[in-house]
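Here is a short tour of one chain, written for someone who likes to know the cut-offs behind each term. Please have a look at the sequence and the structure first.

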Amino acid sequence: LAIAMRKSKKETDPNPEVVEEVVVKELDKTKFPGGYVTIYYGSQTGTAESFAKDIEREGEDHGFKVEVVDLEETENDFTGDMMKEHMRDANGKSRAIFLMSTYGEGEPTDNAVS
């Protein structure tokens, strides 16, 4: 079973059309009984990214399908990514971990500012 998802142009576009189609395979529950976990990180020097990759390895060792996402590479509304139907567990809940580091006097990292 595969789920096809369509990503369309912004609703303000007078001529909305499909610009991308993504096919999502069903999660192998025997390999990943814990379901999906998405880790979002913001890092200046790589510390949060390193922790995210550590959690990714540990999570997959413990039955979770983990995706690591750099906040700089997300669209403006990343909550839509978290709420995707195929990413939810049996109770309809999505799991996400946010790892943010700061630099200087506590300023946000460059990739977490936007």
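## Confidence

The chain has a mean pLDDT of 76, and 65% of its residues reach 70 or more; pLDDT is the predictor's confidence in each residue, from 0 to 100. This is a predicted model, in which local features need pLDDT of at least 70 and side-chain atom pairs count only at pLDDT 80 or more, while totals for chains, interfaces and linings use all residues. Residues are numbered from 1 along each chain as its sequence is written, and side-chain values use heavy atoms, with hydrogens and water left out.

Among the elements, α1 has the highest mean pLDDT (95) and strand β1 (residues 2–8) the lowest (40). Over residues 1–10 pLDDT stays under 50, and the model has 28 contacts beyond four places in sequence for them; a contact means heavy atoms within 4.5 Å. Where pLDDT is low, the predicted coordinates should not be read in detail.

## Overall fold

Three helices and seven strands make up the secondary structure, in the order β-β-β-α-β-α-β-β-β-α along the sequence. Helices (H or I, at least four residues) and strands (E, at least two) are DSSP runs, numbered from the N terminus.

Of the contacts between residues at least 6 apart in sequence, 61% join residues at least 24 apart. Buried residues account for 25% of the 114 residues; buried means under 20% relative accessible area, exposed over 50%, and partly exposed in between (1.4 Å probe, protein chains only). The chain exposes about 8,200 Å², with carbon and sulfur atoms supplying 49% of it; areas come from the Shrake-Rupley method with a 1.4 Å probe, and for residues only the protein chains shown count as cover.

How many salt bridges does the structure hold? There is one, and it joins the side chains of aspartate 54 and arginine 57 at 2.3 Å, N to O. The term requires a side-chain nitrogen of Lys or Arg within 4 Å of a carboxyl oxygen of Asp or Glu.

Because aspartate 54 and arginine 57 are three residues apart in helix α1 (residues 47–61), about one helical turn separates them. Aspartate 54 is partly exposed at 32% relative accessibility, and arginine 57 is partly exposed at 48%. Side chains of opposite charge can pair when their charged atoms come close.

Serine 43 sits in the loop between β3 (35–42) and α1 and counts as buried, at 11% relative accessibility. Its side chain reaches the backbone nitrogen of glycine 46 at 2.8 Å and the backbone nitrogen of threonine 47 at 3.1 Å.

Notes: Polar contact = N/O pair within 3.5 Å; in protein donor to acceptor, adjacent residues only side chain to side chain.
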